[in-house]
Amino acid sequence: MNNINEILKEALDKLKNVGLKDTAVIEDIENIKVEYLGKKGKITEILKTLSSMTIEEKKKIGSLVNEAKIELNTALENKRKEISNKLLEEKMKNEKIDISPAFSFSFPKGHRHIISKTIQDMSNIFVSLGFDVYSGREIETDWYNFEALNIPKDHPARDTQDTFYLENSECLLRTHTSPGQIHVMEEMKPPIKVIVPGRVYRNEATDASHSAIFHQIEGLVVGENVTFSELKGTLKLFINRLFGQELDMRFRPSHFQFTEPSAEVDIKCVLCGGKGCRVCKGSGWLEVLGCGMVHPNVFRAVKYDPEKYTGYAFGLGVERFAMFKYGIDDMRVLYENDLRVLRQF
């Protein structure tokens, strides 16, 4: 029994002294394994003497030999891993890899499309004014797109020549971002201050100023004692920040089913400075958005008390603002993906 312990200690000491300084490290480890655990190894030889022992001695000696073999095998495996890791580290230190490509290609740097950039710029201004951004739905029901917004059944906006209805369904592609108002008011309680940017759809011919698919940003503010003067101040601040200059504005009385009173907003033409040009059709003014105070019937549709709450809403055409800001006189340019045009922005 003492002999087994001495042989095991001798093997472990030899293994411990194996290091990177040796010329054949892995080979040295294998030699130790053969010397002690091989067919003629020192530990294996002890097993050959068991035949001359009693049953009790065989049990004790056999058990000790097996424990020694397990301990030595574990030590050998750990040493292999240790040496392999050290060899790899040394190799990585001394080996330099050229990771430069054999051939180099220069690719132009991408950037956001002018529409995406305009939406982001407009949204950032509203966020700085305390608005939250809400994601609306492009597929709506008749109730959200029309009825809840106080648009009666016989209103022209419901006509199939303006609206894309989904086949065999009561759903449609939203014609404006205004349904976002209804969803927001159903999900939140006043005070509310949100914008709803998104894509909208109208069944109409595409020309220099119209498209079947375009983008809007809806704005909604609801609370107690919200006024029209607050609406005017918000829009004036937004427009001046977007164009980076103090612009003349005017509010003209108008009519929208979901606001009362309603107004359309014009700005002095940013392209000709109000002198008159092809874009402003010689008037010196550009129509940029519609707005107004939320109609009491809209509040009733979402179970808000119109005697307690007031609010204002506005709708901005993203493409329209992009055209005015960047001097584009044809909306189709924004969707033709002509790199010569897109690279300018």
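Colleague: Which residues are buried in helix 5?

Modeller: In helix 5, the buried residues are Ile 114, Ile 115, Thr 118, Ile 119, Asp 121, Met 122, Ser 123, Ile 125 and Phe 126. Buried means under 20% relative accessible area, exposed means over 50%, and partly exposed is in between (1.4 Å probe, protein chains only). Helices are DSSP runs of H or I with at least four residues, strands are runs of E with at least two, and both are numbered from the N terminus.

Colleague: What kind of model is this?

Modeller: This is a predicted model, where local features need pLDDT of at least 70, side-chain atom pairs count only at pLDDT 80 or more, and totals for chains, interfaces and linings use all residues. Residues are numbered from 1 along each chain as its sequence is written, and side-chain values use heavy atoms, with hydrogens and water left out.

Colleague: Back to helix 5. How many residues has it?

Modeller: Helix 5 has 15 residues. From first C-alpha to last it reaches 21 Å, close to the 21 Å expected at 1.5 Å a residue. That expected span is 1.5 Å times one less than the number of residues.

Colleague: What covers its buried residues?

Modeller: The cover includes strand 4 (192-201), strand 5, helix 8, strand 9 and helix 10.

Colleague: What does Phe 126 touch?

Modeller: Phe 126 sits in helix 5 and has a relative accessible area of 0%. Phe 126 touches Phe 131, Ile 195, Phe 238, Phe 314 and Leu 316, leaving aside residues up to four places away in sequence. Contact here means heavy atoms within 4.5 Å. Ile 195 is 69 residues from Phe 126 along the chain, yet their C-alpha atoms are separated by 7.6 Å.

Colleague: How many aromatic pairs are there in the whole structure?

Modeller: The search finds 13. In one of them, the ring centres of Phe 126 and Phe 131 are 5.3 Å apart and the planes are at 70 degrees, so the pair is edge-to-face. Rings of Phe, Tyr and Trp (its six-membered ring) pair if their centres lie within 6.5 Å; planes under 30 degrees apart count as stacked, over 60 as edge-to-face and the rest as tilted.

Colleague: Is Phe 131 buried or exposed?

Modeller: Phe 131 counts as buried, at 3% relative accessibility. Trp 143 and Tyr 144 have ring centres 5.1 Å apart and planes at 90 degrees, so that pair is edge-to-face too. Trp 143 is partly exposed at 31%, while Tyr 144 is buried at 18%.

Colleague: Which rings form a cluster?

Modeller: Ring pairs link Phe 126, Phe 131, Phe 238, Phe 243, Tyr 312, Phe 314 and Phe 321.

Colleague: New topic. Which residues touch the most other members in the largest nonpolar core?

Modeller: That core has 41 residues, and Phe 238, Ile 239, Leu 289, Phe 314, Leu 316 and Phe 321 touch the most other members. Such a core is a set of buried Ala, Val, Leu, Ile, Met, Phe, Trp, Tyr and Cys residues joined through side-chain atoms within 4.5 Å. Elements giving two or more residues to this core include helix 5 (114-128), helix 8 (228-243) and strand 7 (259-268). Another core of 23 residues lies apart from it, with Ile 151 and Phe 258 among them.

Colleague: What about strand 7, how many residues are buried?

Modeller: Seven of its ten residues are buried, so to speak mostly covered.Seven bridges join strand 6 (residues 249-256) to strand 7, and these two run antiparallel. Two strands pair if DSSP finds at least two bridges between them. Strand 7 also has eight bridges to strand 8, again antiparallel. Ala 263 stands opposite Cys 291 in strand 8.

Colleague: Where are the cis peptide bonds?

Modeller: One is from Pro 190 to Pro 191, with omega near 5 degrees. Another joins Glu 260 and Pro 261, with omega about 0 degrees. Pro 261 is found in strand 7.

Colleague: Where is Lys 281?

Modeller: Lys 281 is in the loop between strand 7 and strand 8. Its phi is positive, about 55 degrees, although Lys 281 is not a glycine. Most residues other than glycine have a negative phi. Lys 281 counts as exposed, at 76% relative accessibility.
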